[in-house]
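Visitor: I am new to protein models and would like to learn how to read one. Could you walk me through it?

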Amino acid sequence: MRRFGRTLVTAALAVTLVGGTAGWASGDSQTAVTGPPPGTDAWQADTVSGRSLPDPATTAPREVAAFFAGLDDAARHRLLRSHPLVVGNLEGAPLPLRYEANRIAVAATGEARYASLAAPGRQILAFDPRGRGQVVEVFGDLERAEHVSVIVPGSDNDAAGYDTRRKPATGPAGMARSLREATGAESGTGSGSGSGSGSGGSLAVVAWIGYTTPVGVGLDAADGRLARAGAARLARFTAGLDAVGAPDPVLFCHSYGSVVCGLAARHTDAADIVAFGSPGMRADTAAALRTGARVWAARGPSDWIADVPNVEFAGIGHGVDPTSAAFGARRVPAADVEGHTGYFVPGTQSLAAFATIAKGAAR
């Protein structure tokens with residue numbers, strides 16, 4: 001009976017700390033967008049040269065890549081014109097085909113909040129208008145890159161607000177551009193949040209808002225429900241990169257995005273996983289992530305995430321601080337980082353270290 005009482009007290013303390021005094025304040029509950037994209041039923045009812053089309057939900061990305069390799073250009077373009085939302089989100093489909101399909105899909109929404117995503121020079125690798133919207137953009141030449149990095153962001157990121165003006169080097173697109181510039185890759189030109197088609201450098205960076213993120217810092221941000229849904233999508237996305245011949249990526253995982261990366265780690269072929277501004281990765285140690293990737297962690301001295309207790313009880317909280325000695329990650333210097341989003345600001349120790357990791361030069 002005493003043990004049961006202690007359990008109740010521990011639960012109450014965990015919920016109080018994580019749900020109230022520690023910074024998890026308020027936020028709207030979100031419904032995770034999962035499953036295949038809109039238009040899948042029409043896609044599966046279609047054929048090409050008498051052949052069934054690959055199921056977006058169950059066909060492995062490598063099989064998708066093999067399917068498209070067996071089509072001529074006319075057949076490929078007929079499919080993208082007829083089913084742009086499916087082709088644009090189909091992991092393993094040829095990259096240029098997906099960029100073109102998503103330009104069509106964005107324009108077809110007729111919504112002003114998405115219009116900039118269809119601007120010339122944008123390389124939108126995925127676009128899903130359901131809910132608050134999801135968007136994935138490539139910066140650099142993903143087809144020829146020697147190194148690939150993926151920015152996995154946290155709360156308050158979606159397609160609807162993706163091109164909203166932000167402080168430089170913050171937000172998924174700002175972080176992606178800053179990382180490319182720090183490695184010496186050309187940033188390219190273009191409109192909207194920036195071009196993805198720059199010709200210089202051997203590094204491509206992907207801004208990946210491929211999951212439903214929490215809004216605010218309410219219970220959605222304190223539990224793992226959205227992160228679990230996001231982890232499955234991130235794992236499939238990295239399998240898609242592998243299917244089109246991209247090198248093993250570096251995952252840069254910010255805030256709640258590090259929870260997503262922690263849950264996805266064992267299911268990806270990432271070369272490195274970098275958690276920064278992290279509330280925890282749903283693992284007690286880096287080894288418990290069960291990944292072959294090197295695991296890194298950074299936290300600036302004024303990042304408010306330090307005020308979030310590293311507890312996990314009954315699904316609330318995300319566990320051990322990845323920057324703690326007990327977790328066992330490699331530390332990234334971040335003594336000059338300001339706030340929760342300053343890790344990619346030019347001139348910071350963290351950005352310099354991130355650039356070294358992204359280029360595969362870290363030891």
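Predicted model: local features only at pLDDT ≥ 70, side-chain atom pairs only at ≥ 80, totals over all residues.

Visitor: How many helices and strands does the chain have?

Guide: Helices (H or I, at least four residues) and strands (E, at least two) are DSSP runs, numbered from the N terminus. This chain has 11 helices and 10 strands. Among the contacts with a separation of 6 or more, 67% are between residues 24 or more positions apart.

Visitor: What share of the chain is buried?

Guide: Buried means under 20% relative accessible area, exposed over 50%, and partly exposed in between, using a 1.4 Å probe and protein chains only. Here, buried residues make up 55% of the 363 residues.

Visitor: How should I read a helix such as α9?

Guide: Begin with its length. The expected span of a helix is 1.5 Å times one less than its number of residues. Helix α9 covers residues 225–243, so its 19 residues should span 27 Å, and the 28 Å between its end C-alpha atoms agrees. Next, consider direction: an α-helix has 3.6 residues a turn, so residues three or four places apart point the same way. The buried residues of α9 include Leu226, Gly230, Leu234, Phe237 and Leu241. Just after α9, Gly245 takes a positive phi of about 85°.

Visitor: Which residues have the most contacts inside the largest nonpolar core?

Guide: A nonpolar core is a set of buried Ala, Val, Leu, Ile, Met, Phe, Trp, Tyr and Cys residues joined through side-chain atoms within 4.5 Å. The largest one has 42 residues, and Leu142, Val150, Trp208, Leu234, Phe237 and Ile273 have the most contacts inside it. Its largest share, six residues, comes from α9. Apart from this core lies another, of 38 residues, among them Ala176, Val274, Leu351 and Phe354.

Visitor: What covers the buried residues of α11?

Guide: The cover includes β5 (147–152), α7 (171–182), β6 (203–209), β7 (250–254), β8 (272–276) and β9 (294–298). Seven of the 10 residues of α11 are buried, including Leu351, Phe354 and Ile357. Just after α11, Gly360 takes a positive phi of about 75°.

Visitor: Which residues form a disulfide?

Guide: A disulfide is a covalent bond between the sulfur atoms of two cysteines. In a model, it is a pair of cysteine sulfur atoms within 2.5 Å. A search of the whole structure finds one: Cys253 and Cys261, with sulfur atoms 2.1 Å apart. The link is left-handed, with -90° about the S-S bond, and both cysteines are buried. Beyond its neighbours within four places in sequence, Ile273 is in contact with residues including Cys253 and Cys261.

Visitor: Is Arg122 buried or exposed, and which side chain does it join in a polar contact?

Guide: A polar contact is a pair of N or O atoms within 3.5 Å; within protein, one must be able to donate a hydrogen and the other to accept it, and residues adjacent in sequence count only if both atoms are side-chain atoms. Arg122 sits in the loop between α6 (95–109) and β3 (124–128). Arg122 counts as buried because its relative accessible area is 2%. A polar contact of 3.2 Å joins its side chain to that of Asp163.

Definitions and conventions
Residues numbered from 1 in each chain as written. Heavy atoms only, no water. Contact = heavy atoms within 4.5 Å.
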